[in-house]
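The following note sets out points for a colleague who has the model open.

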Amino acid sequence: MRKRDRFKAGAVRYVKLPLSLRTSDLPRRAASAAVMLAITAAALWAGGVWFDAFVVAIAFACFGEFLRLVWRATTKLVNRLVALLAGAAYIALAASALIELIIPVVIGLVAVVIATDTGAYFSGRTIGGPKIAPKISPSKTWAGLGGGAIAAGLVALGFFYSNVGSDAFSARGVGAFLVGAILAVVAQCGDFFESWLKRRANMKDSSNLIPGHGGIFDRVDGLLPVAIVGALLWQLHP
């Protein structure tokens, strides 16, 4: 049997599985998500040194998983050292940005990343269409990116409206929407980067630390570049 035929046969067997089996890990995923949300919300609410410690802990865990991926992705010592130094700078810069930003802005950035993922998931599944980079991330489509950008733009506009009221319905509001859409693209770039690294390392997830969700790096891959770009935009805003 050819490889393509074996794949089709496997796909048919999967489709015929009862829904209860195909979604058997849903309670575990939901429980893990609830715990992650509660811990993050508590850190944001506490603020100050507690939030700083939370960000530092996440950064160290993320770097540990990044190190593991790099070690499996390449065997050359020089390449490993360069990648680890670049990764350390990347993750440290994102962590520093989150610590320096005020909590309301951090919440806004997290909301934009969540909106990007949610919008991309539903629009990608509903519309489908051409893939962006099938060899890196087969599930990512241009329709998904568009849906994620629209969702993130609306979230950014909503946060802007909560601060300025009806003044949001102006050129400044359009600017807020565009900032959200741009950050959605940035978040997807972070997602693609981790997907590329995992493929090089031949790993599905960065770790199995979070039941049903993989590792810390899997959860913050989009937030890392968004934090860096968001901090730069915050410094430039009038």
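1. A salt bridge is here a side-chain nitrogen of Lys or Arg within 4 Å of a carboxyl oxygen of Asp or Glu. A search of the whole structure on this basis returns four salt bridges. The model is a predicted one, and the distances below should be read accordingly.

2. Overall architecture. The protein contains ten helices and zero strands, and its pattern along the sequence reads α-α-α-α-α-α-α-α-α-α. Of its 238 residues, 37% are buried. Among contacts with a separation of 6 or more, 69% are made by residues 24 or more positions apart.

3. The bridge between Asp-191 and Lys-140. The side chains of these two residues meet in a salt bridge at 3.4 Å, N to O. The pair joins distant parts of the chain, since Asp-191 belongs to helix 8 and Lys-140 to the loop between helix 6 and helix 7, 51 residues apart. Asp-191 and Lys-140 are both buried.

4. The network around Lys-198. Which residues are linked with Lys-198 in a network of salt bridges? The network consists of Glu-194, Lys-198 and Asp-218. Within it, the side chains of Glu-194 and Lys-198 meet at 3.9 Å, N to O; both residues lie in helix 8, four residues apart, about one turn of the helix. The side chains of Asp-218 and Lys-198 meet in a salt bridge at 3.1 Å, N to O. This second pair links distant parts of the chain, with Asp-218 in helix 9 and Lys-198 in helix 8, 20 residues apart. Glu-194 and Lys-198 are both buried, and Asp-218 is buried as well.

5. Leaving aside residues up to four places away in sequence, Glu-194 touches Ser-206, Phe-217, Asp-218 and Asp-221. One of these contacts, Asp-218, is also a member of the network of salt bridges described above.

6. Ser-207. This residue is placed in the loop between helix 8 and helix 9. Its relative accessible area is 13%, under the 20% limit, and Ser-207 is therefore buried. Not counting residues up to four places away in sequence, Ser-207 touches Glu-65, Arg-68, Gly-214, Gly-215, Ile-216 and Asp-218.

7. In soluble globular proteins, nonpolar side chains tend to be buried together. The largest nonpolar core in this model has 42 residues, and those with the most contacts inside it are Cys-62, Phe-66, Leu-197, Phe-217, Leu-224 and Val-226. At least two core residues come from each of helix 3 (26–46), helix 4 (48–73), helix 5 (77–100), helix 6 (103–127), helix 7 (142–164), helix 8 (171–201), helix 9 (216–220) and helix 10 (223–236). Helix 4 makes the largest contribution to this core, with eight residues.

8. Cysteines. The search of the whole structure finds zero disulfides. Cys-62 counts as buried because its relative accessibility is 1%, under the 20% cut-off. Apart from residues up to four places away in sequence, Cys-62 touches Ile-91, Ile-216, Phe-217, Val-220 and Leu-224.

9. Rolling a probe the size of a water molecule over the atoms shows where empty space is left. The second largest pocket has a volume of about 830 Å³. It is lined by 22 residues, of which Phe-160, Ala-176, Val-179, Trp-234 and His-237 are the closest to its centre. Helix 6, helix 7, helix 8 and helix 10 each supply at least two residues of the lining. Which helix gives the most to this lining? Helix 7 does, with six residues.

Key: Residues are numbered from 1 along each chain as its sequence is written. This is a predicted model: local features need pLDDT of at least 70, side-chain atom pairs count only at pLDDT 80 or more; totals for chains, interfaces and linings use all residues. Side-chain values use heavy atoms; hydrogens and water are left out. A nonpolar core is a set of buried Ala, Val, Leu, Ile, Met, Phe, Trp, Tyr and Cys residues joined through side-chain atoms within 4.5 Å. Buried means under 20% relative accessible area, exposed over 50%, partly exposed in between (1.4 Å probe, protein chains only). Contact means heavy atoms within 4.5 Å. A disulfide is a pair of cysteine sulfur atoms within 2.5 Å. On a 1 Å grid over the protein atoms alone, a cavity is a set of points where a 1.4 Å probe fits but cannot get out, and a pocket is an open set with protein on both sides within 12 Å along at least five of seven lines; lining residues have an atom within 4 Å of a point. Grid points are joined across faces, edges and corners, and a volume is the space filled by probe spheres set on the points.
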